[in-house]
Structures are given as C-alpha cells and as structure tokens.
Amino acid sequence: MADQPKTAEPARARLSPRQKQRISRGIQYAVLVAVLVVLVMYADWVSLAQNFAKPAVAQETLPDLFTIALRNTIIYTVSGFVIAFVAGLVLALMRLSQIRPYRWIAIVYIEIFRGLPALLIFIMITFLPLALPGFQVPFGTYGQVALGLGAIGAAYQAEVFRAGLQAVPKGQIEAARSLGMSATRAQFTVVIPQAIRMVIPPTTNQFVALLKDSSLVLFLGVSSEYVELAKFGNDLASQHSNATPIMVAGITYLIVTIPLGYLASRLEGRKGRNR
Amino acid sequence: MTHAIELKDLHKHFGQNEVLKGIDMTVDPGQVVCVIGPSGSGKSTLLRCVNLLEQPTKGQVFVKGVEVTHPDVDIDAVRRAIGMVFQQFNLFPHMTALQNVMIAQQRVLKRSKKEAEIVARENLDKVGVGAKCDALPGQLSGGQQQRVAIARALAMNPDLMLFDEPTSALDPELVGDVLTVMRKLAEEGMTMLVVTHEMGFAREVADRVVFMDGGVLVEDGAPAQVIGDPQQERTRAFLRRVLHPEE
C-alpha cells in the first residue's frame, strides 16, 4: 500500500496538464472523424438525395410555396399574434389586479392554456360549432386558426407582460400619481409603454413560437387554399411519395425564424447596454 | 390665516413598525421648511403623507385648509396642486425631457399641446436645462435629470412643493446646480417642504428647520436656533455626527 503512490506518481508525472489536454482533444477529433467516415460510407447518399432533395419535386413547390403556403403561415401567425398580444396584456393586468376574482380568472386561464398541448386546443376549436349550434368562428379557417394561436399565445404573452409590468419601478407610478394622474392613467401613460418596450425581445420569441405552432393547421383538414407551410409540404410529399417538399417547407420556416431569433437577441443586447 | 400644510396627530405604521408617532406641524404659505434627522427617523414618510403617497394610519393632513385625509376628497385634484421631487428623480425614461414636462399638463390639466410645450420650455429654461429638451433622461446627468424633474413639477403651477432628499442621489459636484434652482424657487416665494441632509442649504434658505428622530418632532424653529443652538441633546448629537463626521 505504502509503495503505491510512489509507483503511481512517476507515471502521472510523465504527462503535463498541457499534454493531457492535447491528448483529450485528439481523442475528440478522432471520434468525430470516425462518425463522419461511418456516415459517409454507410449512408445511401443517392437514395437520400432522391428522397429529400429531388430538384424536380422541389420545383413543383413553386410558386405555391410562397403565394399560398408562406402567405397563409404569415396570415395565421400575425392574426394569432395580434390576439395573443392584446389578450395577453389584458390577462397580465388582470393577473396584477387589486380585485381578487380577476386575478383568479387570469391565473386559471394562464395555467390551463400553458398546460394543454396546442394540438388539443386546435381540435377543440373545430368542435366549437358542434357544441354551440349556430356558432361560427368569424373569418372561417383564418378565424379558427387565429383563435387557436391567439388563445395559446395569450397565456404565454400574459406571463411575458407580467414580468415587464412588474419590472417598471414603483417610483414611476408615484411620480405619475404625484402629478395628479389617476391610477388608470398612470398605467396607460407611464407603466404600460415602458413594460412593452422591455418585453420586445421575449415577445419576438413568442412570435416565433406561434409561427411554428401554426403548423398544427395540418391536423385541421383544411381545403387547399388554406394550407400553410407544414400542410403544404406534407400534401405534396404524399402526392409525390417524396420528402423533398417537407425539406423545402422546413427551409422556408428557417428563412423566417432564424433572422427573427437574431433580431430578438440583438434587441436583448441593446436593452442590456441601455440599462 | 390658512396654513399651506397642517398635520394633526399624524401616525403611520408599516405592520408592527411605527414610523410616525403623532406629528403636529404646520407650514405657512411662502415658507421654506427643511426637515432634518437621521435615516429611519420618518422624514420621508412624513413628506409622503402630505400628498398621500403614504396613507396615514391615524391623524389628519390639511393642505390649504382642505382635509386631504377625508375619504371623500379627490386625491388626484389635491396632488395636482402639490409638486413633488424625488430622490431618484423618477423621470419617465421613455420620454424626452420636454415630453416629461408636457405629459401631465396635457393629460391632467388638459392643456393643448402647443400651450404645454410653451410652459414646458419656460420651465426647462428656468431650471437651466433648456438646451436638453430633446434628450432622454438616460442621456442626462443626475443633476440635469433632477432639474427636469423640478421643471416637470413646476409646470403644473403647484401651490407648494415637496422635496424628498432631492440631492442625495447626486454626485457631489452636481448638488450645487440643484440647490441653486431650489434657492431661486424659495426666493420667488414658493412654499416648500424639504427633506434634506444639506445643512448649509437648510441654514441659509429655510425659514424653519424641523429635527425629527424616532418618528417624533424633536425640535422645530428658526435655522439659527435648531442648527446653530440646538436645545435638545438628540439634535446636538445628530448635528455633531453630520457636521463633523471625522471626529
């Protein structure tokens, strides 16, 4: 036992920390190269390209990809977002209200709609006319999707707004009140404008989330003029028995979502500098 | 004569903590009264009770003879006539200096945009920041921000002004600019209740100095008496600590 450290020590001393680091890095590169080699050798690249990136099929997606699918995705997302933004602000104000029943209603709504899968809510909306005979969601499919996205988005946006409203210092309300503004006027002239400015970055992320959730239209069985990117890709993929349209739809999503993501983090950074 | 401010047996509790323990005091029109005292003595709370930013637990507050603690009083109307300046300035950061001074004129006094702008520019000129009309608060120094805040209060044509440690958050070299503006207001006959640690200002500008400690008024009199020749041991101890901190 007493000899062991002696024998171990010279062995350890042979490698300096820098050498150990170099070896570790070498192993990581070796693993990466091995995986790439296996991928290149064993994947059937011709078949993959045929199924996911077939130029002839990709060409079939035009021009409907942009004139119908992307257009509808944007219509669904923007209309849902407008509902989510307004309803989210109302819910956030209710959540922070002095009046207890308002707080309860807001909490229950937020918890339910954040806790349920978006798909479930979409399906429920399609059943609304059955549950309420004579009831029609205005603007047909557009209205249904906007309502679905808005109902979900409002719950998340409410929490975003709540954080923003609570981040406005108490002194701001005191200054407004000491100038003779009523509590309501102080909220609308002083607190809410500042809160909205603060929540622009997380709200941009919420917009991206709604954009992706608009793909759930896929499950609503809408007619061809209402398809958005996901359903458009899926329909064409089935028609051609080829996944290329799905790839094309995916790339179209990324063309929108990645710049928005960068925009959100740029805005976040600017806010950090101003504080 | 009606007092500008009258406090009768004013009490304020925060939970178990009794911050004001029965304050009686008056401020007459045109008077400048400085409230001094150690931190935690209740000075700011006293000031904030005058325009009901704090609701007194017990007692009455009268402003120009009107009981503002009465449940039926329109508190927004009362506050309109009382200018308040805060330690942390509390300018609206999303508005320019000019907009800060205009907004309450437009929304509360219902002045036209044109009139509000004229009044705002006058007051910003008066406090020496007329050149900074289009700057956002974040682009101004603390001293400039505090002067914009004073202009914002003055634009409402208040009958009296409350100052809550207006220079405590300022870098030392910026204190003078703000005190100069306050001195000018005092000379113009503005009724002012000022919570401050600036003993020089209190001695030179105040008509009366009030020393508070532990939620009660300990001493109340002319500055030469309260600062120059305090009668109470608590006042003397406080002034020793403030005027000769190194000893």
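**View 1. The interface of chain B and chain A in the predicted model.** About 1,700 Å² is buried between chain B and chain A, with carbon and sulfur atoms giving 59% of this area; buried area is the accessible area (1.4 Å probe) that two parts lose on being put together, summed over both. This is a predicted model, in which local features need pLDDT of at least 70 and side-chain atom pairs count only at pLDDT 80 or more, while totals for chains, interfaces and linings use all residues. Residues are numbered from 1 along each chain as its sequence is written, chains are lettered from A in the order in which they are written, and side-chain values use heavy atoms, without hydrogens and water. Chain B brings 24 residues to the contact and chain A brings 18 residues, where contact means heavy atoms within 4.5 Å. Two salt bridges are found across the interface (a side-chain nitrogen of Lys or Arg within 4 Å of a carboxyl oxygen of Asp or Glu). A salt bridge links the side chains of B:Arg48 and A:Glu174, at 2.6 Å from N to O.

**View 2. Helix H1 of chain B.** Seven of the eight residues of helix H1 (residues 43-50) of chain B are buried, that is, under 20% relative accessible area (1.4 Å probe, protein chains only). Helices are DSSP runs of H or I with at least four residues, and strands are runs of E with at least two, numbered from the N terminus. Among the buried residues of H1(B) are B:Leu47, B:Arg48 and B:Cys49. Just after H1(B), B:Leu52 has a positive phi of about 60 degrees.

**View 3. The open sheet of chain B.** The order of the six strands is S6-S7-S8-S3-S9-S10, with mixed pairing; two strands pair if DSSP finds at least two bridges between them. Strand S6 (82-85) and strand S10 (216-221) of chain B are the edge strands. Strand S3 (residues 32-36) and strand S8 (residues 191-195) of chain B run parallel and are joined by four bridges. B:Val35 has B:Val195 in S8(B) as its bridge partner.

**View 4. The largest nonpolar core.** This core has 52 residues, and B:Ile150, B:Met161, B:Phe163, B:Met182 and B:Met192 have the most contacts inside it; a nonpolar core is a set of buried Ala, Val, Leu, Ile, Met, Phe, Trp, Tyr and Cys residues joined through side-chain atoms within 4.5 Å. Helix H6 (residues 172-187) of chain B gives the most to this core, with eight residues. Beyond its neighbours within four places in sequence, B:Phe163 is in contact with residues including B:Leu47, B:Ile150 and B:Val195.

Notes: Buried < 20%, exposed > 50% of the residue type's maximum accessible area, 1.4 Å probe, protein only.
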